[in-house]
Amino acid sequence: MSSDEVVLEARALTKVYRMGEVEVRALAGVDFALHAGELVVLVGASGSGKSTLLNLLGGLDTPTGGSVRYRDHDLTRAGDAALTRYRREHVGFVFQFYNLVPSLTARENVELVTDISPEAAPAEETLALVGLSERMDHFPAQLSGGEQQRVAIARAVAKRPDLLLCDEPTGALDSATGILVLEVIEKVNREIGTSTVVITHNAPIAAMADRVVTLADGKVISERRNRTKAAARDLRW
Amino acid sequence: MRPLTKKLWRDLLHMRWQVVTIALVVAAGVANYVSISGTYASLLGARDRYYERERFANVFAPCARAPRAIVPDLAAIDGVARVYPRIVEHGLIPMTTMPEPAGATLISLPVDGVPPLVGVVVMAGRLPDPERTDEALLLDAFASNHDLHAGEMLSVVINGTLRQVRISGIAMSPEYILSAEMGGGRGDDRFAVLWMPEAVLAAAYDLEGAFSNVLLSTEPGANERAVLAEVDRILEPYGGSGAVPRSHQISAYVVDGEIAQLSGMATTIPFIFLSVAAFLLHVALSRLVELQRGQIAILRAVGYRASEVGAHYLAFVAIIGLLGGALGIGLGVWLGEAWMNLYLEFFHFPYESFRLTPDVAITAVAVSVGAAFAGATTTVLRVMRLPPADAMRPASPDVYRASLLTRIGLVRLFESGGRMVLREIERRPGRLLLSSFGIAMSVAILVAGRFNGDAIEYLMENLFGRAMREDVMLGFVRPVPEASLLELAHLPGVHRVEGFRQVPARIRFGHAHRDVGLAGHPPDLALRRIMDLEGTFHRPPEHGLAITTKLAEILGVRVGDEVDVEVLAGSRRRAPVRVTALVEEMFGLQGYMTDDNLRRLLREEPSIDVALMTVDPSQLGELRRRLTRLPGVGSVVRRTAILQAFREQTGRMLGTMTLILTLFAGVIAIGVVYNNARVALSMRQRDLATLRVLGFTRREVGSVLFGEIVSHLLLGVPFGLWAGHWMAVGIMSTIDPERYRWPVVIGPQTYAFAALVVIVTTMATWLVFRERLRRLDLIAVLKTRE
């Protein structure tokens, strides 16, 4: 489904965290490109730099060195206001722990986004896309883990983002529920054409990607293209 | 409704008890502010409107008898706008309901009944008919005290002659907002004003073509001092006893003093409440933000601006502020009306009530939201600075280090529960201090609020118990020979009789002067003693004059200085006298001499006008009957009656005051304790759950939180007792010391009461909270992600 157009590109990306007197090199020169409509799976062990890379790509954080470009925008030099606009207009996030607002219903959690994005589809439509039409007025505490994650995905894609960035979206779920969630991500990628990055330390998930990038110690150590993409529902772990 | 708005309301609902308890503290502060400021503004407005509508004069000048021919001279004084000469004399009203006659001030009315200065407001009935000689307007305060109405008859002694006067109407005047007579201090029931046609009073007092009192208004920007000096100069040959400016007119003076006292209170007390509220909001919001780090992050991640997220949390506190503000304004208006009614028992205005002016309301709202913002600022700024990626990670664990308490081994003395309490205190000493401060303030408010009661009790015990020891005091209308005491001694039931002479006098030093009471005590006077604040007794100096410390301060006099004493009655003698001693008395401005020295000053034969008696209580009834029949007796006062009346009046006021303050102090204590416990529980629930898993009982787990509350009490209560004392000193210092000053005496029962109220409130709040704690499934907490 991917084209040759590069949507998001990182070059020589470094990120150093200072924790007290210790310097932690989370990223040590990463080159990465995401093509339009492409689904990339980032794999690697804990601490390999996956989440850091995702945060930088999504404009949640700024790099110590190197550059990130989204189409013709240089995110490296963008200030907080510009990054906020970038996230607001172009990026959808899905996190391992859903991060739903517990005091809002499923529908209202999605409306958090539709409220500030003029292009957004109605919350109901997006919730239908993730199969939650029946449970729109439930609060997070009344939903199962898988349902909560699907609300989180609905919230991420409601504004029809160009990019969908998922950080361990199945990490807190059992495999059956996890597969349901992956099916939704796959569907969004296919039907809306959203360029998607999925982080996982769960190797079998890599089979559903167009391309698999492996990180270790803050560097890209391998990159491979899947000749045939597996359907999410056929995955097993 | 926008989803963020929904989140806001649901957060508020979720934290409703914290919201309510904090809003109540805000409300208490705002209610104080609105009621006190509102009363202040209402009284000030009432006074100013009254003065303006009724053309209140700028200068008041009494004299003995001045010809009307000098009026143009007075009018020609630079800066004088208007001159109104009138007759003011003194009469008596014998009342069947009182053993002694009431004093009456008789004031002339011009033919048209409308004085050009210092008008009269007719509340009922009509002006006296200028054609008739037996009609008068009667002062409202006196009329209502004795249930007198227009059309009824009144006996009045006018220049020594008893006359029947018809009350044509009931009236008020800005000259008598507070009805009191010079140096007399009689209550509303003993002091009357009668306004009668000028011709009637002129004939009665032989003042045709003359006046005995003149009112002047001045032009804006006029030099008041110069005007006063000129008026004095012109009136001197006619027995002028000194012109006074509006600020020293007796009613205006007292009213101004009371109003000024309110303005000081209007800021201090609300400030205490609002700072406690700000602190509570800070604690509650910091915790809320801590709990919602993930939510803040997601809002930022999906593209909400830092300012939008910040505004969301500001709105949270603003709503609590507004809630408290609205509640406080409502409560404040209610309290203000009560306050105002209390004032209107003493202050007589023809048309006033408590008014909430827009500026007070707007300030109240601004101040309550301001306090909320003050408490929230640092937290909201922290929210806005939180990088979205950071917010996604749980906050790093709090850093605990082996600290001083651990190193000196103190911590080892406690069980693990106690250790957790100690470590928490060590880690957040700021919160301990601020919470204790909150507790301390609620204790202090109670101490300061009730100290008046102790001080009055002290005053009663000392003044009435030790300094004034007579059973009955007799006041004579005119001085009588000292020999009259012998007659009194023979009355039934009288054990002992003493007497002394007392005159009103003006004491001048340099440019300053004050009108005071000057008493001449015989050396063996035992029933009335001069006592200072420490309770030490003094005798009048052998030579010269002793004055109160306050009078000395005002006049700038030191021991050894010579002051000019002018007697304002009888002979009107004027002579220099040396001040030879100072005495620090509780009440105002006084002077003391020996009876011989005063007599020499007055150039009089030995005479008295006050007689003091100790009597056999069983014969009191008969004695009173005999005393009222004695000629020349102006007043008969039983000491126990004064005491009782005083106790009743202050008891009622104090009771109300204590109730209100106890409620308010309780509100603070509840706010501090509940919010601290709630936040502590939220912050420590994992620790506490872990303790449960390890086999601690609910009670043991609860004691960790309870220990913190006890630590706040241990620090807060003693500090509050101390702070309350100083708050009382502060309040006392705002009272005009020319009127009264009493020592800041706080009895152990007040300290005990204040401490007890706060401790009991704290314990009750804890019990309520413990119930909530019991219902909380601590173990389930461990299964959720931080």
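Reader: What percentage of the residues in chain B are buried?

Author: First, some ground rules: this is a predicted model, in which local features need pLDDT of at least 70, side-chain atom pairs count only at pLDDT 80 or more, and totals for chains, interfaces and linings use all residues. Residues are numbered from 1 along each chain as its sequence is written, while chains are lettered from A and ligands numbered from 1 in the order in which they are written. Now, a residue is buried if 20 or more other C-beta atoms (placed from the backbone) lie within 10 Å of its own, exposed if 12 or fewer, and partly exposed in between. In chain B, 43% of the 786 residues are buried.

Reader: How many helices and strands does chain B have?

Author: Helices (H or I, at least four residues) and strands (E, at least two) are DSSP runs, numbered from the N terminus. Chain B has 22 helices and 22 strands, and its C-alpha trace spans about 100 × 55 × 50 Å along the principal axes.

Reader: Where in chain B is the confidence lowest, and where is it highest?

Author: Look at pLDDT, the predictor's confidence in each residue, from 0 to 100. Chain B averages 84, and 90% of the residues score at least 70. Helix H12 (residues 404-407) of chain B is lowest, at a mean of 60, and strand E2 (residues 80-86) of chain B is highest, at 96. Over residues 181-186 of chain B, pLDDT stays under 50. The model scores ipTM 0.77 and pTM 0.76.

Reader: At what angle do the axes of helices H7 and H10 of chain B cross?

Author: Axes are lines fitted to C-alpha atoms, for helices over the stretch in contact, and angles run from 0 to 180 degrees between N-to-C directions. The axes of H7(B) (residues 250-291) and H10(B) (residues 358-385) come within 8 Å and cross at roughly 30°. That makes the two helices roughly parallel; angles under 35 degrees count as roughly parallel, over 145 as roughly antiparallel, 65 to 115 as roughly perpendicular and the rest as oblique. Residues in this contact include Leu274(B) and Phe279(B) of H7(B), and Val367(B) and Gly375(B) of H10(B). By class, there are 13 nonpolar, four polar and no charged residues.

Reader: Which loop holds Arg55(B)?

Author: Arg55(B) sits in the loop between helix H2 (16-53) and strand E1 (59-67) of chain B. Its phi is positive, about 50°, although Arg55(B) is not a glycine.

Reader: Is Arg603(B) buried or exposed?

Author: Arg603(B) is exposed, because 11 other C-beta atoms lie within 10 Å. Arg55(B), in turn, counts as partly exposed, with 17 C-beta neighbours inside 10 Å. The place of Arg603(B) is the loop between helix H17 (595-602) and strand E21 (607-615) of chain B.

Technical notes
Two residues are in contact if their C-beta atoms, placed from the backbone, lie within 7 Å. Ala, Val, Leu, Ile, Met, Phe, Trp, Tyr, Cys and Pro count as nonpolar, Asp, Glu, Lys and Arg as charged, and the others, Gly among them, as polar.
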